[in-house]
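The sequence and the structure come next.

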Amino acid sequence: MADSSGSWKDAYKGMSSDNVKGLVLALSSSLFIGASFIVKKKGLKKAGASGLRAGSGGYSYLLEPLWWLGMITMIVGEIANFAAYAFAPAILVTPLGALSIIISASLAHIILQEKLHTFGILGCALCIVGSITIVVHAPQEQEIVSVVEVWNLATEPAFLFYAAGVVGAAILLIVQFIPLYGQSHVMVYIGVCSLIGSLSVMSVKALGIALKLTFSGMNQLVYPQTWVFTVIVLMCVITQMNYLNKALDTFNTAVVSPIYYVMFTSLTILASVIMFKDWDRQSGTQTVTELCGFVTILSGTFLLHKTKDMVDDESKENLSSEDNHLLLRLPKHSENGKGFAQEGIILSLRRQESAKSPRPARQIKQLEEDLEAVPLRRQESSSRL
């Protein structure tokens, strides 16, 4: 028992002040980013009410102050995240984004009225457990003294092959799959965000290291590699934000956030393993434990995704039962075809309205009474004639 306690102390006593700063910055980043999802979604909804929705290719949200407030909140979170990558390894920083899942899903349930199933809460818990498992067994970051060293790592054949595959897959999704499945499959938009995001994190880390070294007295701004990484960061971030806006505007926030987190985290860690060779400095047990953490996170994501379908099915069943009840109360025939067509139009409009916003029982009862009164009025008018 004493040996076990000693091994834990030996593992964590060497945590540097830089790693502590990275952890604090990563946690702060998750708080800001999780809240920004909700603020931006509110802005997108408000903008979509008066213009073309972002999910349909519109950009009216750029004129909405609420969306910009969410964007500023996200930028603050991303700046904190940017700084965290300069102090701690990607495998340590990236999984801490699980906190943003809990924040965004909880606020979506409270503010946006997007129902979160009980199993969805369990899914969030699994995501956190998996993330903690990865963080606990994360490798120590290697020391880098120049941005040129990072450039050499980025131009090795293995990472160049990965980068080419990511860019090719993103272009394929944008050109081929988004026009066909963008409005019905959440994985399409998020796939583009996650693929490009993995490259942006590697560039952000390189740029962060360059700035950290510059502030410490070793000027890295004189190297052209620093500016190449800067351009890559800007291109990747703009692409990410564009397709993330489309995903948020089209799909449930409680589903977008966790799926984006899992795909983004998985691809980022994969990119970091290839570029910085993180797993080369770990034992087989640590690597297997990290993989178990991935499986736990994926299980949580599966639960969140399936519970969305359960909520949607419940809503459809409720609407269907209301429609069937109204149909039973309608007269089956009419004295004149014109009157019957008018009743059909009334019923159709009421059903469409109910599908958009479920009515209280009192309003549904009033609607039934109005529909029942139609044949009585027709009979009175015919008797007068």
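In this predicted model, helix 5 covers residues 98–110, and its 13 residues reach 19 Å from the first C-alpha to the last, which is close to the 18 Å expected at 1.5 Å a residue. The buried residues of helix 5 are Ala-98, Ser-100, Ile-101, Ile-103, Ser-104, Ala-105 and Ala-108. As a general point, an α-helix has 3.6 residues a turn, so residues three or four places apart point the same way.

Two packed helices are described by the angle between their axes and the distance between the axes. The table gives these values for two pairs.

| Helix pair | Angle between axes | Distance between axes |
|---|---|---|
| Helix 7 (residues 147–154) and helix 10 (residues 224–250) | about 60° | 9 Å |
| Helix 8 (residues 157–181) and helix 9 (residues 186–215) | about 155° | 9 Å |

With an angle of about 60°, helix 7 and helix 10 are therefore oblique to each other, and helix 7 passes helix 10 in a left-handed crossing. On the side of helix 7 the contact is made by Val-147, Val-148, Val-150, Trp-151 and Ala-154, and on the side of helix 10 by Gln-225, Thr-226, Val-228 and Phe-229. By residue class, the contact of helix 7 with helix 10 divides into seven nonpolar residues, two polar and no charged.

For the other pair, the angle of about 155° makes helix 8 roughly antiparallel to helix 9, and here too the crossing of helix 8 past helix 9 is left-handed. The residues of helix 8 that make the contact include Phe-159, Tyr-162, Leu-173, Phe-177 and Tyr-181, while those of helix 9 include Val-188, Tyr-189, Gly-191, Ser-198 and Met-202. The contact of helix 8 with helix 9 divides into 19 nonpolar residues, two polar and no charged.

Thr-289 has its place in helix 12, which covers residues 284–329, and because its relative accessibility is 19%, Thr-289 counts as buried, the cut-off being under 20%. When neighbours within four places in sequence are left aside, Thr-289 is in contact with Thr-133 and His-137.

Taken as a whole, the protein has 14 helices and zero strands. Buried residues make up 44% of its 385 residues. Among contacts between residues at least 6 apart in sequence, 82% join residues at least 24 apart.

Terms used: Residues numbered from 1 in each chain as written. Predicted model: local features only at pLDDT ≥ 70, side-chain atom pairs only at ≥ 80, totals over all residues. Heavy atoms only, no water. Helix = DSSP H or I, 4+ residues; strand = E, 2+ residues; numbered from the N terminus. Expected span 1.5 Å × (residues − 1). Buried < 20%, exposed > 50% of the residue type's maximum accessible area, 1.4 Å probe, protein only. Axes fitted to C-alpha atoms, helices over the stretch in contact; angles between N-to-C directions. Parallel < 35°, antiparallel > 145°, perpendicular 65-115°, else oblique. Left-handed = near helix turned anticlockwise from the far one by under 90°. Contact = heavy atoms within 4.5 Å. Nonpolar A, V, L, I, M, F, W, Y, C, P; charged D, E, K, R; others polar.
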